[in-house]
Amino acid sequence: MNASDVNDYNSIALGINAPIYSFYAGRILEKTGIASGLCLDVGCGGGYLGLALARITTLDFVFIDASPEMLSCATVNIATHNLTTRAATLLGQVQAIPLPDESVDLVISRGSIPFWDELPTAFREIKRVLKPGGCGYIGGGLGDPKLRAAHMERMKKEHPEWHGGQRKIPRHDDRHYSDALESAGFDSFTVTRNDEGMWIELLKAKM
Ligand SMILES: C[S@@+](CC[C@H](N)C(=O)[O-])C[C@H]1O[C@@H](n2cnc3c(N)ncnc32)[C@H](O)[C@@H]1O
């Protein structure tokens, strides 16, 4: 994305899309039950999902993204949300996460996985940094049907240049995700595609 796209993306995420991040943050807490420890938000962009999860938990956060421009937005957003004592940013790729083994309780990610190359390597890295018993909630979507409809309506009116799929995102098929998760050694995971989007829930087995 160029600088103007990054700014647009950031203001849409903080405005029109804010309820979508809150929705998924609630889902993550409900599904994983992890409310404390360290959370890694992968392909965080401006940190929107982690920031929403921070509001309903006492988790600390590492926000990682491959784009310095998006990570700059995350740095500003973390400060605006008064979360500097609970959050750090990392420039890097999911395929080589610059964190120690077994250092993270929860890995979250929204809207980034379609862009990941070398999926088995990415999941192997996620498995490496997760503590035994740690969870992942990784995928994408626009919330539930009501939130999705509200998003579509506002985007059409307020941001027609972003509406209607002009900005195509790549897509892996779900079998590709399952194969990559198996190849990374996860034996407990689900890949679900429904009216809340596509989400992978994974668990790293305790020793
Ligand atoms: C569509 S944005 C999603 C941002 C944010 N998570 C959200 O939900 O709005 C995708 C993000 O994934 C990042 N990304 C893409 N490939 C990546 C990779 N291999 N490792 C880390 N980040 C990556 C991009 O830089 C971008 O910020």
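What is the handedness of the crossing in which helix 1 passes helix 4? In this predicted model, helix 1 passes helix 4 in a right-handed crossing.

**View A. Packing of helix 1 against helix 4 in the predicted model.** Helix 1 comprises residues 3–14 and helix 4 comprises residues 68–80. Their axes lie 10 Å apart and form an angle of about 40°. Because angles under 35 degrees count as roughly parallel and those from 65 to 115 as roughly perpendicular, helix 1 is classed as oblique to helix 4.

**View B. Residues at the contact of helix 1 with helix 4.** From helix 1, the residues V6, Y9, N10 and L14 take part. They meet E69, M70, C73 and N77 of helix 4. By residue class, this contact consists of five nonpolar, two polar and one charged.

**View C. Surroundings of the ligand.** The ligand is surrounded by 19 residues, of which Y9, Y21, D65, R110 and S112 are the closest.

**View E. Packing of helix 5 against helix 7.** Helix 5 spans residues 119–129, and helix 7 spans residues 174–183. The two helices pack at an angle of about 50°, and the separation of their axes is 8 Å. Helix 5 and helix 7 are therefore oblique to each other, and their crossing is right-handed.

**View F. Residues at the contact of helix 5 with helix 7.** Helix 5 contributes L119, P120, F123 and R124. Across from these, helix 7 supplies H176, Y177, A180, L181 and S183. The residues of this contact fall into six nonpolar, two polar and one charged.

Notes
Residues numbered from 1 in each chain as written. Predicted model: local features only at pLDDT ≥ 70, side-chain atom pairs only at ≥ 80, totals over all residues. Heavy atoms only, no water. Axes fitted to C-alpha atoms, helices over the stretch in contact; angles between N-to-C directions. Helix = DSSP H or I, 4+ residues; strand = E, 2+ residues; numbered from the N terminus. Parallel < 35°, antiparallel > 145°, perpendicular 65-115°, else oblique. Left-handed = near helix turned anticlockwise from the far one by under 90°. Contact = heavy atoms within 4.5 Å. Nonpolar A, V, L, I, M, F, W, Y, C, P; charged D, E, K, R; others polar. Near = heavy atom within 4 Å.
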